[in-house]
Amino acid sequence: MGTPPDGEPPADMPEMPNNSGTNAGANTNGAAASNSANTTTATTDNNADADTATTATESTSAKALKAGTDLTVNGGTYTIDSMDDSLHSNNNVTVNDGTFSIESGDDGIHADQELTINGGTINIAKSYEGLEGAIITLNDGDVDVTASDDGVNAAGGETETAANTTASTDSATTATDAAATSNISVTETTGTTSTTDQASQGTTANQQGRGPGGMGGAAASNNEFHINGGSLTVNAGGDGLDSNGSINMTGGTVIVNGPTDNGNGALDYDGTFEISGGYLVAAGSSGMAQGTSDASTQNTIVMTFPATQKAGTVVHVQDSEGNNILTFAPTKDYQTVVVSSRILRKMAPM
């Protein structure tokens with residue numbers, strides 16, 4: 001599903017004025033490009049013929065924190081309510097620390113290339129897709145994602161095929177818009193960012209029709225999602241963890257309340273899912289259910305029930321001696337549960 005062109009406002013959003021004196025102070029996205037355009041407009045003779053008049057076309061970005069190349073956040077407190085991506089980079093996003101409360105009309109955090117989380121507390125209460133990047137790495141931190149589509153989506157980037165060429169034109173548009181802020185590094189700040197205009201958002205049907213998020217086209221085999229530590233909780237309407245390539249988990253805790261429809265899965269990968277450490281619980285529908293790969297060095301249980309279980313129905317796993325391994329009550333209806341833990345052991349042959 002293609003991402004709408006960067007900076008394209010809804011159809012009912014009032015047109016931005018072209019007066020240079022007003023826009024030079026109000027537009028903080030791509031200020032250099034905007035000022036250049038405004039100068040051209042201001043020096044145009046009002047009496048000149050229509051053929052020679054210069055028209056400046058301006059666009060308003062609906063993204064919150066964005067960069068043309070790298071976006072790095074080292075700390076601070078952020079409350080973001082954005083119509084488009086809340087954190088966005090045309091290249092890499094790195095979060096080293098900070099507290100984030102995010103509501104997004106598209107991706108919570110999006111990187112065209114690498115998205116790395118080394119720490120912090122990230123609560124994405126609303127999004128189309130929570131985390132998206134070509135290569136996603138979770139090393140530490142507490143991440144809680146609610147998404148109407150995929151909770152985590154490793155897709156796109158340099159791995160895109162020819163089918164994705166059209167979709168990637170958004171990157172070129174954004175690069176121009178963010179020319180004045182190509183590299184952004186935030187060391188410490190506290191603030192509230194909102195690009196939500198309730199009057200201009202339109203109906204729910206209109207929002208769905210614009211097709212937010214998702215890097216569409218053919219699957220790219222070398223997308224990667226790495227989980228090395230930290231905690232990740234996902235509530236997803238689409239796939240819980242989705243990689244167009246592979247998933248690798250060496251540590252951390254991941255809990256997925258996945259989809260209820262059979263067209264998506266709590267886990268969805270095109271390559272392999274190798275797990276060697278950490279704690280994984282993923283509940284969801286059974287139609288597209290996947291477990292972990294045979295090459296994994298940590299054992300996994302995949303439980304599929306004969307009928308859909310109601311939300312809140314407790315799943316309990318214990319060993320042969322009655323010791324508790326898992327007690328979990330999924331928050332949504334489910335039919336398949338995947339569990340992996342270092343304490344799972346295969347029984348010796350009888």
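Which residues in the largest nonpolar core touch the most other members?

Reply: This is a predicted model, and what follows should be read with that in mind. The largest nonpolar core has 43 residues, and those that touch the most other members are Leu-87, Ile-109, Leu-131, Phe-225, Leu-232 and Leu-241. Taking Ile-109 from that list, and not counting residues up to four places away in sequence, one finds that Ile-109 touches Leu-87, Val-93, Ile-102, Leu-115, Ile-122, Ile-124, Gly-130, Leu-131 and Glu-132. In soluble globular proteins, nonpolar side chains tend to be buried together.

Ser-86 lies in the loop between β3 (77-82) and β4 (87-89), and Ser-86 counts as buried because its relative accessible area is 0%, under the 20% cut-off. With neighbours within four places in sequence left aside, the contacts of Ser-86 are Ala-64, Leu-65, Ile-80, Ile-102, Glu-103, Ser-104, Asp-107 and Gly-108; Ile-102, also touched by Ile-109, is one of them.

Ala-282, for its part, belongs to strand β23, which runs over residues 279-284, and is buried with a relative accessible area of 1%. Again leaving aside neighbours within four places in sequence, Ala-282 is in contact with Val-256, Ala-266, Leu-267, Thr-336, Val-337 and Val-338.

Methods: Residues are numbered from 1 along each chain as its sequence is written. This is a predicted model: local features need pLDDT of at least 70, side-chain atom pairs count only at pLDDT 80 or more; totals for chains, interfaces and linings use all residues. Side-chain values use heavy atoms; hydrogens and water are left out. Helices (H or I, at least four residues) and strands (E, at least two) are DSSP runs, numbered from the N terminus. Buried means under 20% relative accessible area, exposed over 50%, partly exposed in between (1.4 Å probe, protein chains only). Contact means heavy atoms within 4.5 Å. A nonpolar core is a set of buried Ala, Val, Leu, Ile, Met, Phe, Trp, Tyr and Cys residues joined through side-chain atoms within 4.5 Å.
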